[in-house]
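Here's a quick briefing to read alongside the model. Keep the 3D view open and find each part as it comes up.

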Amino acid sequence: MISDTIREFILNDVRERFLRYVQVHTTSNENNDVTPSTQHQWDLLKMLKDELAGLGLQNVEISEHGYVYATLPSTDGAKAAPFALLAHVDTSPDQPGEHVKPQRHEKWDGKAITFPDDPSLKLTPNDSPELSLFKGETIITASGKTLLGADDKAGVAEIMAAMATFQKFPELPHGEIRVCFTPDEEIGRGTIKIDGDKLPKFCYTLDGGFPGELEDENFDAWRVDMKFKGIGVHPGYAKDKMINAAVVASRYVAHLPEWKTPEHTEKREGFIHVVSINGDFENAAVTAIVRDFEEENNKVTIEYMETLAKTYEKRFPGLAIELKVTHQYENMRDIVRKTPEVVDLADKAMRDAGVEPIRKSIRGGTDGARLTQLGHPTPNIFAGGLMFHSRREWIAESAMVKAVETVLHLAKGWVENGVK
Ligand SMILES: [Zn+2]
């Protein structure tokens, strides 16, 4: 389906876009309550809106909060359920994202990659083992002072390149495709102002990850806010009277299982993460987040925390512990699996593009998880980059091409799937 001519068009188009988009400063800022959280994100959002219109997409619009929407109408005679492709324009506040100077390392020879703006920085397969799979290919990095922003400008460039390819080669079949670019994903607010009515039922994010990554599962997430109310007495006359809230709270935290912390868990294991402890002898507050792929396991953990609190109240008569438990987000798995074709078609599209699918579980939440809860099953498809949120972030050009090819095959797959 994809001729050499098409493949060459994709490579040139996705490369040109990626190198251009990463140079636009789009760092988000969690300390700012507006959406987008930073004014400079508008620069790329408006640029994308104009380029989508320039490509001939329809209903191109940008919302007051910076969400860009557009429609690629289906090819003649194609009947398929519509789907949406999403990517986020912002980059992580963990590293500088201004004045990104992308470096192309053509026909990379396998030796350590160096960075012109920081001679002490190196990138080798020791740092990122996947690198060795791309020997002889073109690798793109930043220049040493900033992150690259492949998370998620690779996804943005790939979606745009797919749209450009569909327009240039109308023989590639597809149904209606919606495009949506979002701000503020890196600060956990990528979907708070999204308009679900503007999206079809099925969506895909193109974000992160090694070629082949396909994610349809994320943590089930809870937050526990605890207040410890002690009894304050003049310390000189406190015997058998004082209950020191700060001391009791730290004892409580020390009682939580050490093996069940983020620093001692991986893969499918859940954890309790104490985010903060604050307090004095009269009042103390502990905030913890509880994570697992199974909601049942989280409920057991939270019950344990509640029982432990009651035990402490018995042990220190007069102490009051208040727990506020909040369900933050759910595992998208159970909703996504009710319509298995959304993942099956992505799996097949990757194979058709010559990429072996790697099914992964996200040890966190995603925009896709929140969208899934809004009724839009949204698995995640790789965008191709690695070592995100660091100055050694990198991506291979061939990985971006594979992501675009996956989108082309995905669209064909939905046409073959028909309307049910
Ligand atoms: Zn991302």
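**Helix H2**

Helix H2 (residues 41-54) has 14 residues, and at 1.5 Å a residue they should span 20 Å; the end C-alpha atoms are 20 Å apart, so the two agree. The expected span here is 1.5 Å times one less than the number of residues, and helices (H or I, at least four residues) and strands (E, at least two) are DSSP runs, numbered from the N terminus.

Bear in mind that this is a predicted model: local features need pLDDT of at least 70 and side-chain atom pairs count only at pLDDT 80 or more, while totals for chains, interfaces and linings use all residues. Residues are numbered from 1 along each chain as its sequence is written, and side-chain values use heavy atoms, with hydrogens and water left out.

- Gln41, Trp42, Leu44, Leu45, Leu48, Glu51 and Leu52 of H2 are buried (under 20% relative accessible area, with exposed over 50% and partly exposed in between, using a 1.4 Å probe and protein chains only).
- After H2 comes glycine 56, with a positive phi near 90 degrees.

- Histidine 88 sits in strand S3 (residues 83-88) and aspartate 207 in the loop between strands S9 (202-206) and S10 (213-218), 119 residues apart.
- Histidine 88 counts as buried because its relative accessibility is 2%, and aspartate 207 does so at 16%.

**Strand S11**

- Seven of the 10 residues in S11 (residues 220-229) are buried, so this strand is mostly covered.
- S11 runs antiparallel to strand S13 (residues 283-292), joined by 10 bridges; strands pair if DSSP finds at least two bridges between them.
- Aspartate 220 faces aspartate 292 in S13.
- With strand S14 (residues 320-329), S11 pairs in the antiparallel sense over nine bridges, and arginine 223 stands opposite threonine 326 there.

**Aromatic rings**

- The whole structure holds 11 aromatic pairs (Phe, Tyr and Trp rings, using the six-membered ring of Trp, with centres within 6.5 Å; planes under 30 degrees apart are stacked, over 60 edge-to-face and the rest tilted).
- Phenylalanine 9 and phenylalanine 169 are edge-to-face, because their ring centres are 5.5 Å apart and their planes at 80 degrees.
- Phe83, Phe202, Tyr204 and Trp414 are linked into a cluster by ring pairs.
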